[in-house]
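Let's walk through this chain together, with the sequence and the coordinates side by side.

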Amino acid sequence: MELNPDLAKTAWEKAKEKGLHDRVTFLEADVMGVNLSEATVVVCYLITAASAALKPKFEAELKPGTRVVMESFPVPGWKPAETMSYEYKNFYLYRIPPEIDEKAPGIEYSDSGYFEYL
Ligand SMILES: C[S@@+](CC[C@H](N)C(=O)[O-])C[C@H]1O[C@@H](n2cnc3c(N)ncnc32)[C@H](O)[C@@H]1O
């Protein structure tokens, strides 16, 4: 799912180039409006603010055992079950229900007392 129509189109074009277009679907859609309850694996590349917005949706809709993989930007307050780095990117794996740790990566408290997303 991708909000930006140009990126959704590029994804289709790349899938066609690689002959994968009949095995994958790209939706130009707001993920917040899509029911995720049937997902078994969710893979996201979103900035932390978007991950934070999705967190209550994940907690409400995803079934126990569902895996969530976040590229580069972790879910604030969730402790990853595993992390790995590939080239210059970090990946965070969570299993539903996730372990909660408010100090987990993703949230940083500023001097003013408000939290800032990393
Ligand atoms: C870090 S960029 C990743 C861009 C591209 N998918 C890539 O892999 O290079 C995050 C993307 O998430 C998309 N996005 C943000 N909020 C979204 C939402 N609620 N639903 C769908 N896509 C969203 C943005 O349009 C943006 O392109």
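A residue is called buried if 20 or more other C-beta atoms lie within 10 Å of its own, exposed if 12 or fewer, and partly exposed in between, the C-beta atoms being placed from the backbone. You will find Ser72 in the loop between strand S2 and strand S3 (78-79). Its phi is near 70 degrees, a positive value in a residue other than glycine. Please keep in mind throughout that this is a predicted model.

Now step back to the whole chain. It holds two helices and eight strands, and from the N terminus on the elements run α-β-α-β-β-β-β-β-β-β. Of the 118 residues, 14% are buried. Among the contacts with a separation of 6 or more, 52% are between residues 24 or more positions apart.

Start with helix H1 (5-17). This helix has 13 residues and reaches 18 Å from its first C-alpha to its last, close to the 18 Å expected at 1.5 Å a residue. After H1 comes Gly19, with a positive phi near 70 degrees. Further along, Val24 sits in the loop between H1 and strand S1 (41-44). Is Val24 buried or exposed? Val24 has 11 C-beta neighbours inside 10 Å, so it counts as exposed.

Around it you will find Met1, Glu2, Leu3, Asn4, Leu7, Asp30, Val31, Met32, Tyr45, Leu46, Ile47 and Ala50. This shell is made up of nine nonpolar residues, one polar and two charged. Both domain 1 (1-34) and domain 2 (36-117) supply at least three residues to the shell.

Which residues make up the largest nonpolar core? The ten are Leu54, Phe58, Leu62, Val68, Met70, Phe73, Val75, Trp78, Tyr92 and Tyr94. Two or more residues of this core come from each of helix H2 (48-61), strand S2 (67-71) and strand S5 (89-95). Look at Met70, one of the core residues: leaving out residues up to four places away in sequence, Met70 touches Cys44, Ser51, Val75 and Tyr92.

Strand S5 also contains Leu93. Leu93 is partly exposed because 16 other C-beta atoms lie within 10 Å. Its contacts, apart from neighbours within four places in sequence, are Arg67, Val69, Pro80, Ala81 and Glu82. Leu93 and Glu82 are eleven residues apart in sequence, yet 5.1 Å apart from C-alpha to C-alpha.

Finally, look at the loops on either side of S5. Glu87 lies in the loop between strand S4 (82-86) and S5, and its phi is near 50 degrees, a positive value in a residue other than glycine. Glu87 counts as exposed because it has 4 C-beta neighbours inside 10 Å. Pro97 lies in the loop between S5 and strand S6 (99-100). What kind of peptide bond joins Ile96 and Pro97? The bond is cis, with omega about 0 degrees.

Note on methods
Residues numbered from 1 in each chain as written. Predicted model: local features only at pLDDT ≥ 70, side-chain atom pairs only at ≥ 80, totals over all residues. Near = placed C-beta within 6 Å. Nonpolar A, V, L, I, M, F, W, Y, C, P; charged D, E, K, R; others polar. Domains from an automatic or database assignment. Helix = DSSP H or I, 4+ residues; strand = E, 2+ residues; numbered from the N terminus. Expected span 1.5 Å × (residues − 1). Contact = placed C-beta atoms within 7 Å. Core = buried A, V, L, I, M, F, W, Y, C linked by C-beta atoms within 7 Å.
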